[in-house]
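Colleague: I have a few questions about this model. Can we go through them one at a time?

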Amino acid sequence: MSNFTVGIVVFPGSNCDRDMLWALEGCLGIKTKFIWHESSDISGVDSIVLPGGFSYGDYLRCGAVARFSPLINSLDDFVKTGRRVIGICNGFQILTESGFLPGALTTNKNLDFICNDCELEIITSKGSWFNSSNNKINLPIAHGEGRYFCDEDTFKELSDNDLIALRYLSNPNGSSYDIAGVINKEGNVLGLMPHPERACDSTLGGNDGLFTLKSLIEFS
Amino acid sequence: MNQFEAKVSIRLRPSVLDPAGEAIKSAASKLGVEGINSLRIGKLIEVNLEAKEEKEAKEKIELLCDRLFANKVIEDFDYDLKEVNE
């Protein structure tokens, strides 16, 4: 096994950090390391996961407080080196709040906390986060505040630069333009509401998430 | 140092759907209150702060609003600021 190490950031209130460890180590044999959000030392990791959960109780807005953690402060330099960062659910909210990705995430249109499988269309091949031989994948979602919002200008910028990662085939939460995930211009930062780490074993309902997690180490 | 009090209002931008506001609007009509054309929910943040003068207090509040209290992609803010004497 290579020494490639994926850092999983733990905030107070993270609750998908151990799921991510199970998926990366148990299903893919990828070495991981938990990083407490107060640490700004990320020199020993090769890519970073911001997992789902309710960082800081989602006070004020989801991800609004987490973005001021020392770890997020040092993320900018990490991203500039081209190393990969994936933010899932609350991690996606943190990435938009801190300006790594455009748009914002807010309350679901129907106010429900939605816990369901979703059919998703893969839009961009940029960054090679998804298996391009598939057009569609199934991943579970679990969120109350996952409605992606962007205005027309931002949508145009996303479309023109091929930055839309995933779209819902049946929009569950009222997201603008059915968007479920976006990437940055360089392609090394991905944020998405669906949970690939919960779709890594067919006995648990599917393994469409494996490719995305594997791509944390296979991208060059 | 002088003391200031700020009341900050955070509102969803008009173009952003407010489903919680819609739910409360529907409850209002169930209460029998008719004629409500729109109802939107925001946040009120009260801050007591120290600053040398009003200009500095304003700068502090502006920074807080801009970087922390509101997400300007979906929210607008405004505030009232006044000096308070103990």
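Colleague: How many bridges join strand S3 of chain A to strand S4 of chain A?
Modeller: Keep in mind that this is a predicted model. Strand S3 covers residues 47-50 and strand S4 covers residues 84-88. The two run parallel. A:Val49 stands opposite A:Ile86 in S4(A). The count of bridges joining them is 4.

Colleague: Which strands of chain A stand at the edges of the sheet, and why is one side of each left without a neighbour?
Modeller: The sheet is open, with 9 strands and mixed pairing. Its order in chain A is S2-S1-S3-S4-S11-S10-S9-S6-S7. Each edge strand has a single partner strand, so one side has no neighbour in the sheet; these are S2 (31-36) and S7 (136-143) of chain A.

Colleague: At about what angle does helix H2 of chain A run to S4(A)?
Modeller: Helix H2 spans residues 70-80 of chain A. It lies across several strands, including S1 (5-10) and S11 (189-192) of chain A. To S4(A) it runs at about 135 degrees.

Colleague: How many residues are in the largest nonpolar core?
Modeller: A:Val9, A:Val49, A:Ala165, A:Val182 and A:Leu192 touch the most other members. Leaving out residues up to four places away in sequence, A:Ala165 touches A:Trp129 and A:Leu190, among others. The core has 68 residues.

Colleague: What radius of gyration does chain B have?
Modeller: Chain B follows the pattern β-α-β-α-β along the sequence. Its C-alpha trace spans about 50 × 30 × 15 Å along the principal axes. A compact globule of 86 residues would be near 12 Å, but chain B has 17 Å.

Notes: Residues numbered from 1 in each chain as written. Chains lettered and ligands numbered in written order. Predicted model: local features only at pLDDT ≥ 70, side-chain atom pairs only at ≥ 80, totals over all residues. Pairing = 2+ DSSP bridges. Contact = placed C-beta atoms within 7 Å. Axes fitted to C-alpha atoms, helices over the stretch in contact; angles between N-to-C directions. Core = buried A, V, L, I, M, F, W, Y, C linked by C-beta atoms within 7 Å. Buried ≥ 20, exposed ≤ 12 C-beta atoms within 10 Å, placed from the backbone. Rg over C-alpha atoms; globule rule 2.2 N^0.38 Å.
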